[in-house]
Amino acid sequence: MPRHDVAVYAPYASVLYEAEQAQPAGGAEFQTGMLAKGLAGEGLHVAHVVFQVASLRPPESGGVTVVERAPLQGQSGVGPRLAEFAAVWRAMREADAATYVFRVGSAALGVAALFCRRYRRRLVFATANNIDLTFESFEDNRPNREFYRLGIRWADAVVVQTSEQGQLARQGFPTLQRLAEIPSFAEPADRTTEPAEAFLWIGRIVSYKRPLEYLELARAIPDARFWMIARDDDPATPPELLREVRERAAELPNVDITPTLPRPELLERMNRAVASVSTSRAEGMPNVFLEAWARGVPALTLSFDPDGRVAARGLGISAQGSWEDFVAGARRLWQERDQRDELAERVRAYVAATHNPAAVTERWLSLLRGLPG
């Protein structure tokens, strides 16, 4: 008899359990924490598999057990790759769950598929980003890509956040056993009463998020203010891109850039944002949009619009790839930043209806209960 009903595998979510958080969790990691908490609140015994925690802070839900796995062993070269696979296997054995939910777009998913077949456990793959299904991050690593694809094919279910992700999954894997679209969680929040002071961009400095476009937006509207929370400690950050972001930001007096903020301070800035801005060309359902909408703050997106919802539901401004419309939309939001009561109520109503934790947890419970075995 497995010790846990569900194990949620998300190594980088270790930051959620640090007594002193050096940086806030990313959107994907935050979502796994909400999932673990939600399932535990429904009476399930839940394990959250994360990297080792320096100083463990007990989970908010007593039904969640934190299972710490070994640090990343490396994924290039036969020796480091095998060591990493062994670390994943050991962590899964320690978690000992009837069902494993993996929210990682890596070869670890292939290890999970082999483990679940060996011990007759169930496997659910939950996508975080569209690139989880386009495999762009595996361009130079075919062995890891193929092992990852094996994990998707062998999963008992694949969970997507949007219809667009569902289409990508069906195109790439027409024989999937089960495909379910489940919205992301949005933590409830009060509507902000703070004055809107600046646009807000939050993300990692990686090519597909296109941070330089945000700085060009700031250059195009010199009378507006721009905040940029840009993580610079990601191993995937190209050094030349980091250098260019820093140099361009230094040239712009209307830009305030910082690599990280504690979560309370980050949310305090969200409360004072004109809009949550995305310049990314690929996402899933951006957590920064959800947190902004919950507070009545609109979105401003250059290209990526999940299922066209920003445009169709009036949740802000979607430029649909047009730089001219992006700049014009930003100017309008800046000029109307003190007259947006109707917009604030609309975005809050959307997020409360679609992304509230109780409803999303129920969707997950329905999926898990319906899995074979």
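Arg269 touches Leu200, Trp227, Ile229, Asp256 and Leu261, leaving aside residues up to four places away in sequence. These contacts come from a predicted model. Arg269 sits in helix 8, which runs over residues 263–271. The relative accessible area of Arg269 is 15%. Buried means under 20%, so Arg269 counts as buried.

Arg272 was examined next. This residue lies in the loop between helix 8 and strand 11. Arg272 is buried, with a relative accessible area of 15%. Its contacts, not counting residues up to four places away in sequence, are Glu194, Pro195, Ala196, Glu197, Ala198 and Trp227. Trp227 is also among the residues that Arg269 touches. Arg272 and Ala292 are 20 residues apart in sequence. Their C-alpha atoms are 10.0 Å apart in space.

One of the contacts of Arg272 is a salt bridge. The side chains of Glu197 and Arg272 meet at 2.9 Å, N to O. The pair links distant parts of the chain, 75 residues apart. Glu197 is in the loop between strand 7 (179–181) and strand 8 (198–204), while Arg272 is in the loop between helix 8 and strand 11 (273–278). Glu197 is partly exposed, at a relative accessible area of 23%. Arg272, by contrast, is buried at 15%.

Across the whole structure, 20 salt bridges are found. Among them is the pair of Glu84 and Arg69, whose side chains meet at 2.7 Å, N to O. Glu84 counts as buried, at 5% relative accessibility. Arg69 is buried as well, with a relative accessible area of 2%.

A further salt bridge joins the side chains of Arg332 and Glu336, at 4.0 Å, N to O. Here, Arg332 is partly exposed, with a relative accessible area of 45%. Glu336 is partly exposed too, at 40% relative accessibility. Salt bridges also form a network, which links Glu216, Arg219, Glu244, Arg248 and Glu251.

Helix 3 covers residues 108–119, 12 residues in total. At 1.5 Å a residue, helix 3 should span 16 Å. The C-alpha atoms at its ends are 17 Å apart, which agrees with that expectation. The buried residues of helix 3 are Ala108, Leu109, Gly110, Val111, Ala112, Ala113, Phe115 and Cys116. They pack against both strands and helices. The strands are strand 1 (4–9), strand 4 (97–102) and strand 5 (122–126). The helices are helix 2 (78–95) and helix 4 (142–154).

Backbone angles were then considered. Arg120 follows helix 3 and has a positive phi, near 55°. Asp96 has a positive phi near 50°, in a residue other than glycine. Asp96 is found in the loop between helix 2 and strand 4. Helix 2 and strand 4 are both among the elements that pack against the buried residues of helix 3. Gln320 is not a glycine either, yet its phi is positive, about 50°. Gln320 lies in the loop between strand 13 (316–318) and helix 11 (323–335). With a relative accessible area of 62%, Gln320 is exposed.

Rolling a probe the size of a water molecule over the atoms shows where empty space is left. A search of the whole structure finds 1 cavity of 30 Å³ or more. The volume of the largest cavity is about 120 Å³. Its lining consists of 15 residues. Of these, Gln31, Arg103, Ala126, Phe185 and Trp364 lie nearest the cavity centre. Helix 1 (residues 27–41) gives the most to the lining, with 3 residues. By class, the lining has 9 nonpolar, 5 polar and 1 charged residues.

Definitions and conventions: Residues numbered from 1 in each chain as written. Predicted model: local features only at pLDDT ≥ 70, side-chain atom pairs only at ≥ 80, totals over all residues. Heavy atoms only, no water. Helix = DSSP H or I, 4+ residues; strand = E, 2+ residues; numbered from the N terminus. Buried < 20%, exposed > 50% of the residue type's maximum accessible area, 1.4 Å probe, protein only. Contact = heavy atoms within 4.5 Å. Expected span 1.5 Å × (residues − 1). 1 Å grid on protein atoms, 1.4 Å probe; cavity = no way out; pocket = protein on both sides within 12 Å on 5 of 7 lines; lining within 4 Å. Points joined across faces, edges and corners; volume = space filled by probe spheres on them. Nonpolar A, V, L, I, M, F, W, Y, C, P; charged D, E, K, R; others polar.
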